[in-house]
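Colleague: I have a model open and would like to learn how to read it. Can you take me through the main features?

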Amino acid sequence: MGIAEARNDEYGNTAERSRGGSAATSGGTFPEQGDLLARLGIAIVEAGPVPEMLARLADAARDLTGARYSAIGVMGPDGDLIDFITSGMDESVARAIGDLPRGRGLLGAIRPGGGSIRLDDIGSDSRSVGYPPGHPDMTSFLGTPVRLGDRHFGNLYVTDAGSGAFTDRDEQLIEALAAYAAVAIRGGELRDERQRWIDGLQGVCDITAALSDPTRELSRVLPGAARRARALLGCDTVGIALGAPGELTVPYAFGPNALRLEAAEAFATEEEIAPRIAPLSCLLSYFGDGQTGGAIVIVSEGGPGPWRKDVADVLARHVGAAVHASRAADQVRDELIAESDERARELAIRLERESQELALAAQESERARIARELHDETGQLLTAISLRLKGFGPRLEDPLLAAEIDELRGHVRGVQTAIRTFLGQLRPVNLERGLGSAVAQLADDASRGSSCAFEATCDALPPMDEEIEVAIYRIAQEAITNVLRHSRASHASVILAAEGGRLRLSVEDDGRGFSTDVAHEGFGLTGIHERAGLVGGDVRVDSAPGTGTAVVVDIALTGTTTEPRDSA
């Protein structure tokens, strides 16, 4: 089939021509070749999908040179092939060949800075290493690099010339098509970068909307901004640093390395904080007026990339505006609070705290009493009943009666199991094995009993007061229960870690979320706040409809002297 017929149907759409069709017998006349190159150039400018454009260029390489086969190999940033588009080879043959070429032999001889390679007989060239099983034999060869400036995107090859050998004209045409392929690939990269920019700016708008209320405290809005910025930028951890120039600290961070950022000493530049998060990379986007301000801190593997830096700079300006507005509102609020009766407020806080301490102490004491009674009395009674029933078995001649006795013993064992589970809820026996192990067991039990998959990360913990251990265990228990009852999540994570004299528990899910501006007493949040407050801890709840929920509890461990309990 000639070039004109293929051209009339926009390449690849005629009944006569297929991706695995027979070899063309002619390269066409110069006018036909020029017309086809012009149409391909227009198609590239129209910015079609890159794989589709490369397939059309591979087809065009066969038609322009009369080759039996053609291929375009696309390389990734590390120089390895990530795609190999062929033309003229049946799909069954391609499947039989298997994996992508590895760039050895003649394919690897085409270098970014070199020119084209043209051979009349592949087998006679010393660089040829043969073919894999199932690969068709080939004779003549013409290959050229696909490059644009200093960028090497891959290579373009044609084999088995229709006239027996490729010509100078064929080489010129293939080099022109290789330039087209480089433009198509680079154009696709630019379109992807533009889309990332669009998505990034939309994400910045969403975060800005959450920061727009100056009456909300920074401690409520900035943790959520850090969490959303991490999702937007697709990086390891994002922190928001505040302070004067040269004295930046990170009070709010979200991600696996959040505690490392928040525990870092005051810093001014990326070089100063880099040792704290090594071997990961760090990038700062500053905001503020030179006197007070801060920075967005991006922690990533292998560097953040230019588009992340640009989006982070835009986000930093919006965060800076929110910080400035919030501080102005804080100043007005502080002046009003100073006018109140401070002594009366302190008395009310002390009375409330003491009341909460007494209530929780009484609650734990009552739980322990009930647990002892169940274990010592009910448990022993059930054991005695089970043993007595077991003794009846050998003396019964009626098989039906014996079966009923076995069924009764099964019911007794079920009651014993239920009581053991209830005892674990009343009295956290798991804490005898250590807090980290106990919290991990809570997550594991929750995964087995629900459709939500829990992932627990519990680091080795320093010694701490038993009061703190019980509080964190109960908070984790309540937070996990909230996920199971209310979130409709498919995945949740539980992280328990200690760094720099601070203990942090984070429970995050990908469920339906809720508005934190509306009270939700049924979610157990009041109890979480009370338990954390009694051990000097802080609670942050970050959630919005459709974005999941994160509960983060921070407790200072400074001054805790209790030795760790022995593991069970």
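Modeller: Start with the surface. The accessible surface of the protein comes to about 29700 Å², and 52% of that belongs to carbon and sulfur atoms. Areas come from the Shrake-Rupley method with a 1.4 Å probe, and for residues only the protein chains shown count as cover. This is a predicted model: local features need pLDDT of at least 70, side-chain atom pairs count only at pLDDT 80 or more, and totals for chains, interfaces and linings use all residues. Residues are numbered from 1 along each chain as its sequence is written, and side-chain values use heavy atoms, with hydrogens and water left out.

Colleague: What share of the 568 residues is buried?

Modeller: Buried means under 20% relative accessible area, exposed means over 50%, and partly exposed lies in between (1.4 Å probe, protein chains only). Here buried residues make up 40% of the 568. For an exposed case, take Asp-168, with a relative accessible area of 52%. Asp-168 sits in helix H6 (residues 168-211). Its C-alpha is 9.3 Å from that of Arg-118, although 50 residues separate Asp-168 and Arg-118 in sequence.

Colleague: How many helices and strands does the protein have?

Modeller: Both are DSSP runs, numbered from the N terminus: helices are H or I with at least four residues, strands are E with at least two. The protein has 15 helices and 14 strands.

Colleague: Which contacts join residues that are at least 24 apart?

Modeller: Contact means heavy atoms within 4.5 Å. Take the contacts between residues at least 6 apart in sequence: 64% of them join residues at least 24 apart.

Colleague: Now the sheets. In what order do the strands of the antiparallel open sheet run?

Modeller: Two strands pair if DSSP finds at least two bridges between them. The antiparallel open sheet has five strands, in the order S2-S1-S5-S4-S3. Strands S2 (81-87) and S3 (117-119) are its edges, each pairing on one side only. Neighbouring strands are turned by 15 degrees against each other on average, direction ignored. Axes are lines fitted to C-alpha atoms, for helices over the stretch in contact, and angles run from 0 to 180 degrees between N-to-C directions. Helix H3 (residues 50-65) packs on this sheet and touches S1, S2 and strand S5 (151-161). The direction of H3 makes about 145 degrees with that of S1. Strand S1 (residues 67-75) pairs with S2 in the antiparallel sense over six bridges, and Ile-72 stands opposite Ile-85 in S2.

Colleague: And which strands lie at the edges of the mixed sheet?

Modeller: The mixed sheet is also open, with five strands in the order S10-S11-S12-S14-S13. The twist averages 10 degrees from one strand to the next. Eight bridges join the antiparallel strands S11 (residues 491-499) and S12 (residues 502-509). There Val-494 stands opposite Val-507 in S12. Helix H14 (residues 466-487) packs on this sheet, touching S10, S11, S12 and strand S14 (549-556). The direction of H14 makes about 10 degrees with that of S12.

Colleague: Is H14 enclosed or open to the outside?

Modeller: H14 has 16 of its 22 residues buried, so it is largely enclosed by the rest of the structure. Just after H14, Arg-488 takes a positive phi of about 55 degrees.

Colleague: Last one: how many residues of strand S6 are buried?

Modeller: Six of the seven residues in S6 (residues 237-243) are buried. Seven bridges join S6 to the antiparallel strand S9 (residues 293-300).
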